[in-house]
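Subject: Structure handover

Hello,

My notes on it follow below.

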Amino acid sequence: MNEMMDTMAPAGPVTAQEISGELMEDAGMQAAQEAATLEAAIREGIAELFEDGWTQEELMALSQDVGVREAVAKGHDVVRAACAYLRAQMQQMKSPMRRRAVPVSRVSGAGSMMQGSGIEQMSDAQFDAFSRQAREAAMMGRKVRM
């Protein structure tokens, strides 16, 4: 048993610097592996967006956006960050130019509307003249409007 203890124990006294150096190396290796994994995920997400029809200009604009960079840094997927980016772009486009219906005039600009029909307002002589003109126009094949 003593032989086992001798093989496990270090040859000399271990300093705090040596231990922290080993931990830093382990942390550095782990950080490098995480960075490589993150980089691969980013490349894969960009390739998906490119396959979906995104142009190079759109991808460049996406990569320069601060919100997208923060989302990816937090660990979000690139495609999810792109969706958030598109939503934000759509909101920016909608808010300043809100489309509204064309205003409808409820009262004509020429004056007040006549109450009742025009025929009821005519005298007998006016109605006879109108009736004669309407009959002649109808016989000629023209439309008669009242």
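Helix α3 gives the most to the lining of the largest pocket, with five residues. Helices here are DSSP runs of H or I with at least four residues, strands are runs of E with at least two, and both are numbered from the N terminus.

Before the rest, the conventions. This is a predicted model, in which local features need pLDDT of at least 70 and side-chain atom pairs count only at pLDDT 80 or more, while totals for chains, interfaces and linings use all residues. Residues are numbered from 1 along each chain as its sequence is written, and side-chain values use heavy atoms, with hydrogens and water left out.

The pocket

The largest pocket has a volume of about 250 Å³. Its lining consists of I42, I46, Q56, L59, M60, L62, S63, V68, R69, V72 and V78. Two or more lining residues come from each of α2 (16-51), α3 (56-64) and α4 (66-73). By type, the lining has eight nonpolar residues, two polar and one charged. Nonpolar covers Ala, Val, Leu, Ile, Met, Phe, Trp, Tyr, Cys and Pro; charged covers Asp, Glu, Lys and Arg; the others, Gly among them, are polar.

A pocket is an open set of points on a 1 Å grid over the protein atoms alone, where a 1.4 Å probe fits, with protein on both sides within 12 Å along at least five of seven lines; lining residues have an atom within 4 Å of a point. Points are joined across faces, edges and corners, and the volume is the space filled by probe spheres set on them.

Two residues

I42 is in helix α2 and is partly exposed, because its relative accessibility is 27%. Partly exposed lies between buried (under 20% relative accessible area) and exposed (over 50%), with a 1.4 Å probe and protein chains only. Leaving out residues up to four places away in sequence, I42 touches V72 and V78, where contact means heavy atoms within 4.5 Å. I42 and H76 are 34 residues apart in sequence, with 9.8 Å between their C-alpha atoms.

A61, in helix α3, is also partly exposed, at 34% relative accessible area. Its C-alpha is 9.9 Å from that of Y85, 24 residues away along the chain.

The whole chain

The protein has seven helices and zero strands. Of its 146 residues, 10% are buried. Among contacts with a separation of 6 or more, 39% join residues 24 or more positions apart.

Helix α7 (residues 124-139) has 16 residues and reaches 22 Å from first C-alpha to last, close to the expected 22 Å; the expected span is 1.5 Å times one less than the number of residues. After α7 comes G141, with a positive phi near 90 degrees.

Regards
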